[in-house]
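Here is a short briefing on one protein chain.

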Amino acid sequence: MKLQVVTASTREGRKGPAVAHWALDQVRAHGRFRAELVDLREVDLPLFDEPKHPRFGDYAHEHTRRWSTIVQGADAYLFVTPEYDHGPPASLLNALQYLVREWAYKPAGFVSYGGVSAGVRSVAALKPVVCALRMMPMLETVAIPFFAQHLDEGTGRFDPGEVQGQAAVAMLDELHRWAGALRTLRA
C-alpha cells in the first residue's frame, strides 16, 4: 500500500520539510507502506478556483487534475502540519477542499509540531474536515512540542527522540490496519 507524507507548510523559512523527512524515515523504517513525499509548496495550488463543486470530479483546471492524480494514487496519508493561530495552515485546508472522491475511504495520520502546544490544535481542527471528506482520522498521532530544539540548523537534520519514534510506530500500525480495511470500500 502507498502512503503519502504531505508537507503542509509552504511559507518562506519553513521547517516543515525537516519534520516531513523525519516522518518519511519513520514510514520507511516501519516497512509496511511504499512511501511518497508530497510537498504542498511544490504542488503550488492556487486558492480554490474550480467553478464546479469538487464532488462532481469535473475539473476545469490542469492544476486540479494533477492534484487529483497525486491524491488518487495513495491508500493512506500522513499530514505533517504546524499550527498557525490555533489551526492548520491555509495551504493544507485548501489542498483538502480541492477534492472529494479522491480522499474518500482512506485513513489519515498526523504529525504535528509547534511550541508548547505541539500543533495539537491544528490536528483537532483538521479531524472534522477529513471526516467530512469520508476519511478516517487516526486517534494515534505524533505531536512534537518545542520542535525547534530537535532541529540541527547546520545540517537540517531533525530528530525528536525515541518517544516520538514510538508514537510514529503506533500511528503507522493503525494507519496500515485502516488502509487495508478501507480498501474494500473503495473497490
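Helix H1 passes helix H6 in a right-handed crossing. A crossing is right-handed if the near helix is turned clockwise from the far one by less than a right angle, and left-handed if anticlockwise. This is a predicted model: local features need pLDDT of at least 70, side-chain atom pairs count only at pLDDT 80 or more, and totals for chains, interfaces and linings use all residues. Residues are numbered from 1 along each chain as its sequence is written, and side-chain values use heavy atoms, with hydrogens and water left out.

**Helix pair H1 and H6**

- On the H1 side, the contact is made by Trp22, Gln26, Val27 and His30. On the H6 side, it is made by Gln164, Gly165, Ala168, Val169, Leu172 and Asp173. Contact means heavy atoms within 4.5 Å.
- By class, the contact of H1 with H6 has five nonpolar, four polar and one charged residues. Ala, Val, Leu, Ile, Met, Phe, Trp, Tyr, Cys and Pro count as nonpolar; Asp, Glu, Lys and Arg count as charged; the others, Gly among them, count as polar.
- Two packed helices are described by the angle between their axes and the distance between the axes.
- H1 covers residues 16-30 and H6 covers residues 162-186. Their axes come within 10 Å and cross at roughly 60°. Axes are lines fitted to C-alpha atoms, for helices over the stretch in contact, and angles run from 0 to 180 degrees between N-to-C directions.
- H1 and H6 are therefore oblique to each other. Angles under 35 degrees count as roughly parallel, over 145 as roughly antiparallel, 65 to 115 as roughly perpendicular and the rest as oblique.

**Whole chain**

- The protein chain has six helices and six strands. Helices (H or I, at least four residues) and strands (E, at least two) are DSSP runs, numbered from the N terminus.
- Along the sequence, the pattern is β-α-β-α-α-β-α-β-α-β-β-α.
- The C-alpha atoms fill a box of roughly 45 × 35 × 25 Å along the principal axes.
- Of the 187 residues, 49% count as buried. Buried means under 20% relative accessible area, exposed over 50%, and partly exposed in between (1.4 Å probe, protein chains only).
- Among contacts with a separation of 6 or more, 79% come from residues 24 or more positions apart.

- Thr64 sits in helix H3 (residues 62-72). Thr64 is buried, with a relative accessible area of 0%.
- Glu102 lies in the loop between H4 and E4. Glu102 counts as buried at 0% relative accessibility. Glu102 is in contact with Tyr59, Ser68, Val71, Gln72 and Tyr77.
- Trp103 is in the loop between helix H4 (90-97) and strand E4 (107-113). Trp103 counts as buried at 1% relative accessibility. Trp103 touches Trp67, Val71, Tyr77, Phe79, Ala95, Leu96, Leu133, Arg134 and Met135.
- Trp103 and Ser68 are 35 residues apart in sequence. In space they are 9.3 Å apart, C-alpha to C-alpha.

**Positive phi**

- Asp85 is in the loop between strand E3 (76-82) and H4. Its phi is near 50°, a positive value in a residue other than glycine. Asp85 is exposed, with a relative accessible area of 80%.
- Arg134 is found in the loop between helix H5 (120-132) and strand E5 (136-137). Arg134 is not a glycine, yet has a positive phi of about 65°.

Conventions. Lists of a residue's contacts leave out its neighbours within four places in sequence.
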